[in-house]
Amino acid sequence: MTMALPSFTVETRTRASTMSAAAVIALLLLAFAAPFVVSRGVIQDLFFILTMLVLAQNWNLLAGYAGLISVGQQAFVGFGAYTMFGAVILFGVDPVVAIWIAGLFSVALAIPTAFFTFRLYGPYFAIGTWVVAEVVRLLLAQWKALGGGTGTSLPREATREMIGVESMRDVLGMKASQASDALTYWLALILVVATIGFIYGLLRSKQGLGLAAVRDNEQAARAVGVDARWMKTLVYLATAFITGMCGALIYVQKARISPDAAFSVTDWTAYVIFIVVIGGIGTIEGPILGVIIFFLLQNLLADFGSWYLLMLGLLGIAIMLLAPRGLWGLFSDRTGIQLFPVRRVLKGGPLNLTHKGGPHG
């Protein structure tokens, strides 16, 4: 007797994602070689793009996938940066090691922060995160050992003697400043790859399904056994860790810090939200496209003074009205192309199974 039973498979890969994998590897190799073939100014521009991409991907994970609209991520940028400065200046820790310490301390800050802010919902959560960031800024502005309200600078030898700089000077023949820029650039490149890899892996996992369920309907997700609070906490702590590391790395490269700069709402939250909104919230590709567009606009419109921010705002509003899912969302909807597909597609058909012993034996 022959029985036809349905056989289903779940697929996430697309033809575009398979083809793009080779292109991504080639692009990473070119990016790694950049310090050897381009000027120091270009490396600094690429460093800016990479670090803003890390911040944008983390905010996108919070808002686009966990439904946590935060306007206080500058708290972890600034706190991570100040932790790095404190470790280097007060305890003589190498800046590269201090970046990891900054990430851990940012998680330590996020734990009590989550305890209070997770009791707020919607716009109240957003306002709560901003209030927390302001409180942290005001507290660190009183830290006299790190310059108080005026800030301070890293010792010159700290960046010139970082782990790896001396080897780069001896082996590659780079100057100290060039080697320092190249090292921070490579660290930013590694952080981008690790961040996107972590987010992509999370979204493709069972936890990613739970996260999507919480974002779409938290009550329904709870009803089917998803621990919504745990999922949100996991994402919040993970983004705090990476954002804190990114903030520390940014200020290793800057080598100068002040409370107003480290906790700038415009630089570390408003710009990041703009990048995600114009690129496409809820997609990995969106922030990548958004940060490229933002960098180009910043260079094209910077000479317009205060009109620059107004023009960015008008552009953001126009995109939200005409393409609510961002430019990548608009492109993906029309072409079906996804470079980092996380949507699961159920495919299948009849599977013929033959059992012996029937009339046709």
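This report looks at charged residues in a predicted model.

## Ground rules

Because the model is predicted, local features need pLDDT of at least 70 and side-chain atom pairs count only at pLDDT 80 or more, while totals for chains, interfaces and linings use all residues. Residues are numbered from 1 along each chain as its sequence is written, and side-chain values use heavy atoms, with hydrogens and water left out.

## Salt bridges

A salt bridge here is a side-chain nitrogen of Lys or Arg within 4 Å of a carboxyl oxygen of Asp or Glu. By this rule there are four salt bridges.

One of them pairs D181 with R40, at 2.3 Å from N to O. D181 lies in helix α8 (residues 176-203) and R40 in helix α2 (residues 40-65), so the pair ties together parts 141 residues apart in sequence. Helices are DSSP runs of H or I, at least four residues long, numbered from the N terminus. Are the two partners buried or exposed? Buried means under 20% relative accessible area, exposed means over 50%, and partly exposed lies in between (1.4 Å probe, protein chains only). D181 is buried because its relative accessibility is 8%. R40 is partly exposed at 43%.

## A bridge that joins a network

R137 forms a salt bridge with D260, and their closest N and O atoms are 3.3 Å apart. R137 sits in helix α5 (residues 123-140) and D260 in helix α12 (residues 259-262), so this pair ties together parts 123 residues apart in sequence. R137 is buried at 18%. D260 is exposed at 54%.

D333 and R325 also meet in a salt bridge, at 2.7 Å from N to O. D333 is exposed, with 54% relative accessibility. R325 is partly exposed, with 36%. Shared partners join E134, R137 and D260 into one network of salt bridges.

## A negative patch

Which residues form a negative surface patch? They are E157, E161, E166 and D170. Patch residues have over 30% relative accessible area and no salt bridge, and like charges are joined within 9 Å. Asp and Glu count as negative. The place of a charge is CG of Asp or CD of Glu.

E161 lies in the loop between α6 (156-160) and α7 (165-172). E161 counts as exposed because its relative accessibility is 57%.

## A buried lysine

K232 is in helix α11 (residues 228-254). K232 counts as buried, since its relative accessibility is 12%. What does K232 touch, leaving out residues up to four places away in sequence? K232 touches A66, L68, F118, V214 and E218. Contact means heavy atoms within 4.5 Å.

Notes: Helix = DSSP H or I, 4+ residues; strand = E, 2+ residues; numbered from the N terminus. Patch = residues over 30% accessible without salt bridge, like charges linked within 9 Å, V, L, I, M, F, W, Y side chains within 5 Å. Areas by Shrake-Rupley, 256 points an atom, 1.4 Å probe, with all protein chains shown as cover.
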